[in-house]
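I opened a new notebook page for this protein. My plan is to go from the whole chain to single residues.

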Amino acid sequence: MNRFEYADSRLLPNEIYIRRDVSICIYDGDIKTNFESGELVLTSHRFLWGRPGDISRGHTCLSLSLRHIVFFEEEIPGPFSFGRSKKVVIHLSEAPIDKMPGPLDNSVCNYIKFSFKEGLDPNFHTHLSDAITRRIWEFTPIVPLEHPDSNTKNSRDINKPPPQIKTRTGIIGIERSLQEQQKATDESISMAFQDLKKLMEVAKDMVSISKTISAKIRERQGDITEDETEVGGMITLTDVYCRVNRARGLELLSPEDLLNASRQLASLGLPIVLRVFDSGVMVLQSRSHDDNVIVDVIADLIKERGSLTAEELAQSEGISVLLARERLLVTEKRGKACRDDTIEALRFYPNLFLEKND
């Protein structure tokens, strides 16, 4: 197999087409390769083997020069080879030093076999023998095609190095494959250790930065700036969770622990208690919080502006939209506001019915 070369499947100048056979498998000695069910073309100068349709499309294929053939013969079938495909054994000379790249660089076998699954045409021997006898390649050597420097697909396919295809081998081949894998693994490990050294150098800088950040977080534990307080002695439980964990730094508190602790505030007689609105929103509020005072403030603000949405109230009072909506709903529940629920927004107006009754 190391006599085969990758080549252009198109006929070259001075090259003459002789015959074509299909469903041909290639053996490297007695070892079957994965070059199966392909097309075999015999010309005046060489054999061309390709996958079905590759040769007609001008794709890269395998090429075996006829000058390498010493002699050929049909394999004599054994006593238990009934029904097997016919094979032709091609005995080859040593591979030249200047050989072009091919599927194998080295082979211990000095012969190959062509297996004809669909039967061997009797004219195959005649055509091949005639081509070898004529030795046309000695008188009219083929001239390689010059591919212009273009961006066409064919040029890319021809100039692109073909992939290496492994053959099916026996125990020796398996041992060689294992040795190659071990060598590749050793090289990968060496490169990995080199990358690890670079990573450790970067990690030193990252550790230094993380220590600086941790120190600053510890310095700020428990400190909450003035802009982190809610107006009106009320704050949503989600905001509490975020701010507590921001103050704790790396020792974070889980949502379950915060909720369970908040539920114990009332029984412990602490100045802060947990409150759950009708909508399910949970907040922490001070015991001194009075809904009546908040409702009166919101009602006066609605009357002053004519109407309010949760977004407008949040912007005016500096609180979250969620908390602003709950305050408007409480005001509505106390009869101090009426709603207008439209596609645009939920807007609250003064309760004129209450004023008329007064």
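I began with the word contact: it means heavy atoms within 4.5 Å. With that in hand, I looked up how far apart in sequence the touching residues are. Of the contacts with a separation of 6 or more, 59% join residues 24 or more positions apart.

**Ground rules.** I noted that this is a predicted model, where local features need pLDDT of at least 70, side-chain atom pairs count only at pLDDT 80 or more, and totals for chains, interfaces and linings use all residues. Residues are numbered from 1 along each chain as its sequence is written, and side-chain values use heavy atoms, with hydrogens and water left out.

**Whole protein.** I looked up 11 helices and 15 strands. These are DSSP runs, numbered from the N terminus; a helix (H or I) has at least four residues and a strand (E) at least two. The protein has 358 residues, and 35% of them count as buried. Buried means under 20% relative accessible area, exposed means over 50%, and partly exposed is in between (1.4 Å probe, protein chains only).

**Arg-3.** I found Arg-3 in the segment before strand E1 (5–8).

I then checked the polar side of Arg-3. Its side chain makes a polar contact with the side chain of Asn-2 at 2.7 Å. The Arg-3 side chain also reaches the backbone oxygen of Cys-109 at 3.1 Å. A polar contact is a pair of N or O atoms within 3.5 Å; within protein, one must be able to donate a hydrogen and the other to accept it, and residues adjacent in sequence count only if both atoms are side-chain atoms. Not counting residues up to four places away in sequence, Arg-3 touches several others, including Ser-63, His-68, Leu-92 and Lys-99.

I moved to strand E11 (residues 272–276). Its covered face has Val-273 and Arg-275, and its uncovered face has Ile-272, Leu-274 and Val-276. In a regular strand the side chains alternate between the two faces of the sheet. E11 pairs with strand E12 (residues 282–286) in the antiparallel sense, over five bridges. Two strands pair if DSSP finds at least two bridges between them. Val-276 has Met-282 of E12 as its bridge partner. Five residues lie between the two strands of this hairpin, and Gly-280 in the turn has a positive phi of about 100°.

**Asp-291.** Arg-275 came up again here. Asp-291 touches Arg-275, Val-330 and Arg-334, not counting residues up to four places away in sequence. Asp-291 lies in helix H8 (residues 291–305). Is Asp-291 buried or exposed? Asp-291 is buried, because its relative accessible area is 16%.

Most residues other than glycine have a negative phi. Ser-23, in strand E2 (residues 17–28), has a positive phi near 55°. Ser-37 has a positive phi of about 50°.
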